[in-house]
Amino acid sequence: MIKKILLLLLFAGLSIQPICAEEVNTTSNVNKKWWKEGVVYQIYPRSFKDSDGNGIGDIRGIIEKLDYVKSLGVDIIWLNPIFESPNDDNGYDISNYEGIMKEFGTMADFDQLLMEMHKRGLKLVLDLVVNHSSSEHEWFKQSRSSRENPYRNYYHWWNAEKGTPPARYSFFDVESNAWEFDKKTNAYYLHYFSDKQPDLNWENPKLRAEIYKMMRFWFEKGVDGFRMDVIPFIAKDQAFPEFPADDMLSHYATGPKLHDYLQEMHREVLQHYNIMTVAEGIAVKPQDGLKFVDPARKELDMLYHFDGVHLGYLPNKFKVMDPKGYDLREFKKIYSTWDAVFAQKGWGTIYLGNHDQPRMVTRWGNDSPEFRELSSKMLTTFLMTMRATPYYYYGDELAMNNIKFNSIADYRDIESINMYQQLQKNNGNLKEFIEAQKISARDNSRTPFQWDSSPNAGFTTGKPWLRVNQNYKSVNVEIQDKNQNSPLNYFRDLVHLRKSNPVLIYGDYTVIDESNPSVYAYTRKLDKKTFLIALNFTKDPAKLNTNISFVNSKVVSSNYKEKSSSALLRPYEATIYEL
Ligand code: TEU
């Protein structure tokens, strides 16, 4: 009995300790929440750990590795979609919202995962993909079967006798055309993504009720939140007015009644649970950010913007980088602008990588052997010291870098394959495209996690669904765990630093030396505590110019073995001072 009580106390302690708002010792009157204080670790389930040797990561694999995740010090796991899906877009095409994808396991596995996570004080956030379903969802099968079917209005249809529908852009369509003609009922259906991802009709209250019911199903199981896929796109003007071709997405993200739906969702579902929500804020402009997360509006909790990750591309749709690289001054402006959006109310997020982005060290740091670890640690410092909840992508703690495939045959991602086909059709420059994809393709960040030096990096005993990065023998958990100076242990230290210093969570953010093209520096200030963070984003030494005297201040953290307090920063140097 006593043992049982002790165990219970232990579990309770474990689950409360890392995120308990009351424990934050500050006089600031900021509105504290567990999801503001936590660090989110994103797991791409397909590539994390395969437990049954079919080459695809799965839920049991994640369970096996929960102690590892816990050892990072993070609080929340965001899992990409794990629901039944024909996998046209790796789970972002859901055919049953209340079933588990068979490659990933069973509902019993899921229940166990949730239990094992809660036991360790980890929260679980799932992906909510409700702008569209799979074309293999029962609703769509019914919907497309006849114009009179009761599910017809679960999707958007345009009857062909009205003529060609007004142009809409599709992300994953060879013609970029979001209207697909369906012969059976002589009508077009709308799909902002692939033609196997028809858009759900949120104007239909029955559809909305189904979605809310499904959300309750997961919350009743104990899930701790949702990351909401392309949620700004759900509302569509049923008259389908013409949109300007060069500015479609901002129209997509500001549909009529969008915020009515989010408020209804809050009323019907969200307010009844102690959970967190984060909007994938695609095409959301800074001036609209608060509409999603101002607590007074009762909609969502956090939003992540795309302005940062869109920086540095040439203005075409094939994700080709500007050979000049990106301008750090613009980078700073974007992150400072977004910090200001949530300075008084609402709350932001900070990320440099996810399953839709290349590896952060390749994109924003430098993945040459000389600088890979150093620049990755610098980026980790940035993520862990901003005023926003960090969303940290699995593998970035090892400084995993882009795999850089030489051939389209290696790619599995619908986005890369679709863009390639488009270019092929239009006699575009395929060679240039393959080179560009080495930097920008999504599959770069979806390669299997590198656990150890055994075949396939210990990810699977079978044939991995996507090739493993060849550097796995030197870049893996087993090696980095033992090395105090590894990116892995650096990440652990920085998570700990953030979580034990409320100033890094809630403190005011002020950028300094704004016009410096090489150094990103800022202060964080809460009550009497001030930290100064100095980050050199380049491979050359660079000077921080400021009147703030910091060189005699305490160095709280550095990514160099030999700490230095000089205003002249070494390549990719990242230093945190306490002033
Ligand atoms: O992403 C939204 C989206 O538009 C992405 O396609 C993004 O623009 C692109 O990846 C940039 O290269 C979400 C999911 O995160 C993504 O994985 C899905 O493919 C997409 O929605 C459709 O569900």
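**Exercise 1. What volume does the largest cavity have?**

*Solution.* The model is a predicted one, in which local features need pLDDT of at least 70, side-chain atom pairs count only at pLDDT 80 or more, and totals for chains, interfaces and linings use all residues. Residues are numbered from 1 along each chain as its sequence is written, and side-chain values use heavy atoms, with hydrogens and water left out.

Step 1. On a 1 Å grid over the protein atoms alone, a cavity is a set of points where a 1.4 Å probe fits but cannot get out; a pocket is an open set with protein on both sides within 12 Å along at least five of seven lines; lining residues have an atom within 4 Å of a point. Grid points are joined across faces, edges and corners, and a volume is the space filled by probe spheres set on the points.

Step 2. Two cavities of 30 Å³ or more are counted. The volume of the largest cavity is about 140 Å³.

**Exercise 2. Describe the lining of the largest cavity.**

*Solution.* Step 1. The lining has 13 residues, and W338, D339, T349, R387 and A388 lie nearest the centre of the cavity.

Step 1. Helices (H or I, at least four residues) and strands (E, at least two) are DSSP runs, numbered from the N terminus. The greatest share of this lining comes from α11, with three residues.

Step 2. Residues are sorted into nonpolar (Ala, Val, Leu, Ile, Met, Phe, Trp, Tyr, Cys and Pro), charged (Asp, Glu, Lys and Arg) and polar (the others, Gly among them). The lining of the largest cavity has eight nonpolar, three polar and two charged residues.

**Exercise 3. Which residues are closest to the ligand?**

*Solution.* Step 1. A residue is near a molecule if one of its heavy atoms lies within 4 Å of it. The ligand is surrounded by 17 residues, the closest being D89, D229, K319, H355 and D356. This shell divides into six nonpolar, two polar and nine charged residues.

Step 1. A polar contact is a pair of N or O atoms within 3.5 Å; within protein, one must be able to donate a hydrogen and the other to accept it, and residues adjacent in sequence count only if both atoms are side-chain atoms. An N or O atom in the side chain of D89 is 2.5 Å from an oxygen atom of the ligand. For E280 the corresponding distance is 3.0 Å, and for E415 a polar side-chain atom lies 2.9 Å from a ligand oxygen atom.

**Exercise 4. Is D294 buried or exposed?**

*Solution.* Step 1. Buried means under 20% relative accessible area, exposed over 50%, and partly exposed in between (1.4 Å probe, protein chains only). D294 has 11% relative accessibility and therefore counts as buried.

Step 1. D294 is placed in the loop between α10 (286-293) and β11 (302-304). Its side chain reaches the backbone nitrogen of A296 at 3.0 Å, and the side chain of D294 also makes a polar contact with the side chain of K345 at 3.4 Å.
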